[in-house]
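Welcome, and let's take a walk through this structure together. Have the sequence and the 3D view at hand as you read.

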Amino acid sequence: MDFKKIKEYSTLIKALAFIVFAVAVFFAIYRKPEIPKELKENIREVVFRTYGGKMADTCWNVIRDGDYFIIIGETESFGFGKKDGYVVKTDKNGDVIWTRCFGGDGDDALIAGVATDDGYVFCGGTNSFGSGETDGYVVAIDRDGEKLWE
């Protein structure tokens with residue numbers, strides 16, 4: 001066999017290998033794998049939600065209250081000052097029922113809370129109020145998010 005025929009066969013083999021590779025990649029990318037029936041019964045959909053605005057917003061804690069979730073944190077996107085305490089009430093699907101901000105001109109954050117008979121009590125820190133650099137901050141609200149006291 002001469003060198004010219006070997007080169008032709010080599011080029012043909014490379015072309016066939018490329019085609020086989022391309023078909024394999026196509027099926028690997030676009031073909032959905034079949035999930036066995038035993039596994040399908042144990043799979044549930046997971047939904048991710050985000051809450052906040054364009055600035056830095058952080059969730060520090062979550063309270064479950066029946067079919068509702070109370071998300072506690074801080075926001076730079078909304079409120080009265082640099083950072084403010086941020087509370088979001090959602091239904092069991094994560095859809096927002098209401099949001100509230102608490103604080104003053106400085107930095108305020110809510111990091112924990114409990115459900116009470118009347119609503120919720122949150123605690124965190126503030127330099128908007130108080131007598132020092134940073135002081136404890138406690139806010140009580142009713143179930144509709146209206147402030148009872150701070």
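Arginine 100 counts as partly exposed, because its relative accessibility is 22% and the buried class ends under 20%. In this predicted model, arginine 100 forms a salt bridge with glutamate 146, with their closest N and O atoms 3.4 Å apart. Arginine 100 sits in strand 4 and glutamate 146 in the loop between strand 7 (135-142) and strand 8 (147-149), so the pair ties together parts that are 46 residues apart in sequence. Glutamate 146 is partly exposed too, at 44% relative accessibility.

Another of them joins the side chains of aspartate 95 and arginine 49, at 2.8 Å from N to O. Here the loop between strand 3 (84-90) and strand 4 (96-102) is tied to the loop between helix 2 (37-40) and strand 1 (57-65). Lysine 83 and glutamate 74 also meet in a salt bridge, at 3.2 Å; lysine 83 is partly exposed at 27%, whereas glutamate 74 is buried at 11%.

Arginine 49 turns up again in the lining of the largest pocket, along with residues including Glu45, Tyr51, Phe69 and Lys92. This pocket has a volume of about 290 Å³, and its lining is made of six nonpolar, three polar and three charged residues.

Finally, turn to helix 1, which spans residues 3-30 and holds isoleucine 29. Isoleucine 29 is exposed, with 58% relative accessibility.

Notes:
Residues numbered from 1 in each chain as written. Predicted model: local features only at pLDDT ≥ 70, side-chain atom pairs only at ≥ 80, totals over all residues. Heavy atoms only, no water. Helix = DSSP H or I, 4+ residues; strand = E, 2+ residues; numbered from the N terminus. Buried < 20%, exposed > 50% of the residue type's maximum accessible area, 1.4 Å probe, protein only. 1 Å grid on protein atoms, 1.4 Å probe; cavity = no way out; pocket = protein on both sides within 12 Å on 5 of 7 lines; lining within 4 Å. Points joined across faces, edges and corners; volume = space filled by probe spheres on them. Nonpolar A, V, L, I, M, F, W, Y, C, P; charged D, E, K, R; others polar. Salt bridge = Lys/Arg side-chain N within 4 Å of Asp/Glu carboxyl O.
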